[in-house]
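Please open the structure in a viewer and keep the selection tool at hand. The tour moves from one selection to the next.

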Amino acid sequence: MKIRFLPKLSRSKGTLILVLSKNIFKGFNLRKELVSQLNKVVLNSKFSFKKMQTLEILDPNDPNFNKVLIIGTGTLNKLSLRDFDLLGGKITQLSLGESKSRVSIIYDSAIKKQDSILRMAYGSLLGSYRFNKYKTKKKDKTTLPSIDIISNNYNELNKFFQRYSAISKGVFLARDLVNEPSNILYPKEYSRRVLELRKLGIIVEVLGEQKMKSLGMNSLLGVGLGSQHESQLVIMKWNGLKNKKTKPICFVGKGVCFDSGGISLKPGSKMEEMIGDMGGSAAVVGLMKSLALRKAKANVVGVVGLVENMPDGKAQKPGDIVKSMSGQTIEIQNTDAEGRLVLADALWYTQKRFKPEFIVDLATLTGAILFSLGNVISGIFSNNDKLADKIYKAGQVSGDRVWRLPLDEAYDKMIDSQFADMKNIGRGRAGSITAAQFLKRFVNEVPWTHIDIAGTATGMPKNSINTSWATGFGVHLLDTLINQNFES
Ligand code: BES
Ligand code: ZN
Ligand code: ZN
């Protein structure tokens, strides 16, 4: 679906949607007959312009429209940017049945901030996402090809909307990757799809098992031992700044295409959801796409570790000890705590090779984060207060919200091992924190933040902008982080 900002209503037959905080139907160049009809209908109904409330007028007094819909906004100064996303999503929902006609949007002139309108339009795009590829019979209603938003400011809005259009494409790619089942999206197929991003100007390198072996990435490789599919490490580079001297910003993602738990096999119930255990990597890949599409003025590197965690005669076993690329040894006490093993080598590699400004990693790392924050907010852990604050702020603006949890030596101790330098699980509680402490041992002094998205990459409550199991969480967050801090 496309969003177009236009200066005035077109004359061709279509649906009109009014986004209003109160009954002010004048000032939009609507026919007198229609204005008085709208006033009358509103007066005779219970409609009171509350947030997201809707009213449908099926026989409008205007030959140009076959239908008029009103969406209430509630008190305008109480609306957050997220509310504007949701209003936009509502517009898309309401226009679902209108696939054959033009849909035009008029909005309250009291909405002054350009960002609010842009976010409303962005929400409309987000709400148009469907994952239908495996439905041969009942497909979800698809949305229409375009929505027109009428505004005097149409030129500027079209220009600034390019960023949001790019973000939505990144979010959709992330959602597609996460929704994809693991018989289709195994590590090699995944890296092949990332290679397609080369046509946008992203430099993509793929390391196979042989290369990783020579680099000493035994922590990552151990996870894939039980799988029929070859593990992959994919490196993506977007060089949006000509000045190559700036240190790159690096993002690292957990890409476990399927997490059965390995020899420490997971229980059967909901195991199918582990096709989404590559949500962190999908956010990184989606982010790179959005940055390239909008030609972001930043040098950014994305690194994703792609593996499949399976039980097998060749699989890694509890009690095994591996030597990571960093030289540190790890006692595997539970093969289901595999994400941190993948990230350990991916983080170390990223830090050594790129000497980054900072590293942010994203991972569906722990079930424990669901106990703290549910399917609503992601947990962040950081060795750097400034970076953590920036990510928190980007979360408040983007709507991909995060909340910081602590790191502490007392938790770090919990992963000391009697045989090796560390073990891959902590005994006792605080599972999300001990997982983060584990990662911290692989980043040295580089400013770093870990985002645990086990509760937010999938399964967030559905609404007008979150229309599928996979959410695409992280793409808008990180695009905002870069846009607000590193693209002056
Ligand atoms: N992929 C899981 C975490 C997860 C759980 C993601 C639920 C999404 C939804 C991770 O690899 C895992 O299995 N973690 C274990 C760690 C434990 C063995 C220390 C967990 O959280 O139970
Ligand atoms: Zn696991
Ligand atoms: Zn996992």
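Is F172 buried or exposed? The model is a predicted one, and in it F172 has a relative accessible area of 19%; because buried means under 20%, F172 counts as buried.

A search of the whole structure finds 11 aromatic pairs. In one of them, the rings of Y122 and Y164 have centres 5.4 Å apart and planes at 50°, so the pair is tilted. Y122 belongs to helix α3 (residues 114-126) and Y164 to helix α4 (residues 154-179), so that distant parts of the chain, 42 residues apart, are linked. Y122 is buried at 1% relative accessibility, and Y164 is buried at 6%.

Now select Y129 together with F172. Their rings form a tilted aromatic pair, 5.1 Å centre to centre with 50° between the planes. Y129 lies in the loop between α3 and β6 (146-150), whereas F172 is in helix α4, 43 residues apart. At 3% relative accessibility, Y129 is buried.

Return to Y164 and display R163: its charged end sits over the ring of Y164, 5.3 Å from the ring centre. Then extend the selection to F5 and F161, which ring pairs link with Y122 and Y164 into a cluster.

Finally, turn to the open sheet of 8 strands, ordered β7-β8-β10-β9-β13-β17-β14-β15 with mixed pairing. The twist from one strand to the next averages 20°. Within the sheet, select β14 (residues 378-382) and β17 (residues 448-452), which pair in the antiparallel sense over 4 bridges. Here G379 stands opposite D452 in β17.

Methods
Residues numbered from 1 in each chain as written. Chains lettered and ligands numbered in written order. Predicted model: local features only at pLDDT ≥ 70, side-chain atom pairs only at ≥ 80, totals over all residues. Heavy atoms only, no water. Pairing = 2+ DSSP bridges. Helix = DSSP H or I, 4+ residues; strand = E, 2+ residues; numbered from the N terminus. Axes fitted to C-alpha atoms, helices over the stretch in contact; angles between N-to-C directions. Phe/Tyr/Trp six-rings, centres within 6.5 Å; stacked < 30°, edge-to-face > 60°. Buried < 20%, exposed > 50% of the residue type's maximum accessible area, 1.4 Å probe, protein only. Lys NZ or Arg CZ within 6 Å of the ring centre and 35° of its normal.
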